[in-house]
Amino acid sequence: MREALLIELEDWAKLGVEAHFRGRHPWMPYHNEVREGLASLVGALPSEVVAMNSLTANLHLLMVSFYRPTPARPAILIEAGAFPSDRYLVESQIRFHGYDPATDLIELEPDEAGGTISLAAIERVLGEHGHRIALVLWPGVQYRTGQAFELEEIVRLARAQGCNVGFDLAHGAGNLALQLHDSGCDFAAWCHYKYCNAGPGAVAGAFVHEQHAQAELPRFAGWWGHDPSTRFRMGPHFQPTPGADGWQLSNPPILALAPLRVSLELFAEAGMDRLRAKSERLTGFLEQQVRTRLAETLEILTPAEPARRGCQLSLRVAGGRARGRALFEHLEHIGIVGDWREPDVIRISPVPLYNTFEDIARFVLAVEAWRG
Ligand SMILES: *Cc1c(COP(=O)(O)O)cnc(C)c1O
């Protein structure tokens, strides 16, 4: 990472603007250097993915094309308790089009113990409201519960009701072995600073299915989305690049892309399938240890079936918020970094790229020692 950034700083110092063409990694086509890595990360064709902007910005841009509400079909379906940015995003999109979130934002409540959502519940809500739903925006992995969803099934259910489907893969990319192309969804977006380790505010990812590659969809355009073969004629008429590239607005921030390039090389070297196989064993070990040794202290909210979760287990601390905070802060103090969710949940996510079975044993011993 450090070296990749230094290369860009040196080329910038030596070549200035000429590094667009003569840099060791020329800036002009730089986003192509992450294309293969992105495609294999999320199971897409190379032309279906692009690195650009940030996650929320990408969802807004893609919704310009794929959320086209009409009076008969104005609604968006999301999960109840969605990540705040996603909720703000869909609410503002609904208002922007002149509709009312009070009636046109449908939030599906959990129907399972632990706050997870069954496929049957998704089928029911689509059966009831599907004719009014323009877009289903669904997480790959729900951030609070750690539940992973079968993307292909969600697409199938939504399509049966004529809805568009997009996925927020903030907690899915780099965590699950995704098959975005095969899922048949219209679009997806994700960030790279969570499971992909590409640094704070790293450039995000976007996916547009091949079926839309040539379509003349409404979109917010910018020059970097223009066909590169004629971009620099600087003509007045926008000619989109086919595929996901056609949604780009601006020339990308090279200093933020360089760490992503390195991160995707590491993921390619390790292989998403192998990482996922290790991940299932790691999280399975954590689950087994919590169940057998920490059951009085920690309740697992995340589904038990490996296919219905990624790395993360959401653990409710017995005894309420104050006790939960005390445990969380103790763990942090001794260098075990999880994540706190109000009012009483600790998320622990052993990741296969750098966590070990020993790390999990250390966590278990630490909770036992704290409990006394
Ligand atoms: C992390 C996360 C975000 C953050 O959005 P940014 O635009 O990258 O700041 C949005 N949605 C979900 C579900 C997330 O987990």
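**View 1. Pairing of β1 with β7.** β1 and strand β7 (residues 205-208) run in the antiparallel sense and are joined over three bridges, where strands are DSSP runs of E with at least two residues, numbered from the N terminus, and two strands pair if DSSP finds at least two bridges between them. Within this pair, Val49 has Phe207 of β7 as its bridge partner. The model is predicted, with local features requiring pLDDT of at least 70 and side-chain atom pairs pLDDT 80 or more, whereas totals for chains, interfaces and linings use all residues. Residues are numbered from 1 along each chain as its sequence is written, and side-chain values use heavy atoms, with hydrogens and water left out.

**View 2. The open sheet.** Seven strands in the order β1-β7-β6-β5-β4-β2-β3 form an open sheet with mixed pairing. Its edge strands, each pairing on one side only, are β1 (49-51) and β3 (105-108).

**View 3. Surroundings of the ligand.** Leu55, Thr56, Phe83, Asp86, Asp168, Ala170, His171, Tyr193 and Lys194 surround the ligand, each having a heavy atom within 4 Å of it. Four residues of this shell are nonpolar, two polar and three charged, with Ala, Val, Leu, Ile, Met, Phe, Trp, Tyr, Cys and Pro counted as nonpolar, Asp, Glu, Lys and Arg as charged, and the others, Gly among them, as polar.

**View 4. Side-chain atoms at the ligand oxygens.** An N or O atom in the side chain of Thr56 is 2.6 Å from an oxygen atom of the ligand, while a polar side-chain atom of Lys194 lies 2.5 Å from a ligand oxygen atom.

Technical notes: A polar contact is a pair of N or O atoms within 3.5 Å; within protein, one must be able to donate a hydrogen and the other to accept it, and residues adjacent in sequence count only if both atoms are side-chain atoms. Helices (H or I, at least four residues) and strands (E, at least two) are DSSP runs, numbered from the N terminus.
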